[in-house]
Amino acid sequence: MIKMTKNVLEVRNLKMYYFTNRGMVRAVDDISFDLKKGEVLGLAGESGCGKSSLGFTLIGMPTPPGKIVDGSIKIDGREIVGLPENVLRKEIRWQKISMIFQGAMNALNPVYTVGYQMIEPLMYQKGMNKEEAINKAQKYLELVGLDPEIVYRYPHELSGGMKQRVVIATALLLEPEVVIADEPTTALDVVVQAQIVNMMKKLKKELGLSMIFITHDLSILAEISDKIAIMYAGKIVEIGDSEKVYYEPAHPYTQKLLAAIPRLHEDLKKLEFIPGQPPNLINPPNGCRFHPRCPYIMQVCKEQEPELKEVDKDHYVACWLL
Ligand SMILES: Nc1ncnc2c1ncn2[C@@H]1O[C@H](COP(=O)(O)OP(=O)(O)OP(=O)(O)O)[C@@H](O)[C@H]1O
């Protein structure tokens, strides 16, 4: 039994902005949270709210023209903000924190075998010889439910679900403390999606994996997460125990987001949509960024930004109503 006590990841007041010709896009704007050993944090929010930007920032690789402008990211107690690229590459990325990129299964190189693509980091970062590296790659392929002989196959010989398992195995190869999975089930059919989610639950149990699972599909999050964080316009607006957030959402945005997903045994006519558009992150609204779309808007919401406040044990919400 893993004791869920130690924080493997501590993020404080993290800001990552894209410095574009049109202005500064505040994609990650003052984000703080902890991730404990063996815990899965589900991260959800509408398209464009900054989920992938946060993922790339956490592995120390904001996409240009993005830059970390403030804050701290500690992995296993070690600060990684400000580390030079060569140190990040040698000691942190893939070894301490890795990422399953959105759409990575379609980015496998068609001209190399699966094994060739998997063993490179083992040989260059861990100094293994080819045989040792192939053995390790095979062990990880087995772990994700694939035939180890797949190391000798080419990507085009595999189905989408198999390719996604290869990508997941590759992200785990250097035994990182934290894995960020960015929409790992999107683009797969629902049966394969369920298989991948089950496999990831198994990995979490067997390896004590700490994971950030990014998706806009809240029903998947409830299935896999211990904790859920809801992002809106570059900020976390609600974070807490997954059951609490899913069944007793406290932020009006989370409530709207959950009302917008179809659930079994419920009248489809009751499905809601969230009126309005997510804001432009170059000029986000003053006060609470959700106020122009919120049904409960008050004067204070237009003027002052609400901080995350503990509304229940380990359940934090940024809203003036609470
Ligand atoms: N390289 C970039 N340069 C400038 N702006 C960017 C860049 N990448 C993302 N953005 C902007 O940052 C904001 C957050 O985007 P991001 O892709 O992180 O959101 P997301 O929640 O992951 O969306 P999705 O669910 O569609 O992947 C958006 O306004 C987006 O347009």
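Reading contacts, a core and a ligand shell

Q: Which residues is Ala 229 in contact with, leaving aside its neighbours within four places in sequence?
A: In this predicted model, Ala 229 is in contact with Phe 33, Leu 41, Leu 43, Ile 236 and Ile 239, once neighbours within four places in sequence are left aside.

Q: How many residues does the largest nonpolar core have, and which have the most contacts inside it?
A: A nonpolar core is a set of buried nonpolar residues joined through C-beta atoms within 7 Å. Here the largest one has 86 residues. Ala 137, Ile 180, Phe 213, Ala 229 and Ile 230 have the most contacts inside this core. β1 gives the most to this core, with seven residues.

Q: Is Pro 279 buried or partly exposed?
A: A residue counts as buried if 20 or more other C-beta atoms lie within 10 Å of its own, and as exposed if 12 or fewer do. Pro 279 is partly exposed, because it has 19 other C-beta atoms within 10 Å.

Q: Where does Pro 279 lie, and what is it in contact with beyond four places in sequence?
A: Pro 279 lies in the loop between α9 (252-259) and α10 (299-303). Its contacts beyond four places in sequence are Ala 233, Pro 284, Pro 285 and Arg 289. Ala 233 is 46 residues apart from Pro 279 along the chain, yet their C-alpha atoms are separated by 6.6 Å.

Q: Which residues around the ligand are the closest?
A: Of the 17 residues that surround the ligand, the closest are Tyr 18, Ser 47, Lys 51, Ser 52 and Ser 53. The shell divides into six nonpolar, ten polar and one charged. Its largest share, three residues, comes from α1.

Methods. Residues are numbered from 1 along each chain as its sequence is written. This is a predicted model: local features need pLDDT of at least 70, side-chain atom pairs count only at pLDDT 80 or more; totals for chains, interfaces and linings use all residues. A residue is near a molecule or strand if its C-beta atom, placed from the backbone, lies within 6 Å of it. Helices (H or I, at least four residues) and strands (E, at least two) are DSSP runs, numbered from the N terminus. Ala, Val, Leu, Ile, Met, Phe, Trp, Tyr, Cys and Pro count as nonpolar, Asp, Glu, Lys and Arg as charged, and the others, Gly among them, as polar. Two residues are in contact if their C-beta atoms, placed from the backbone, lie within 7 Å.
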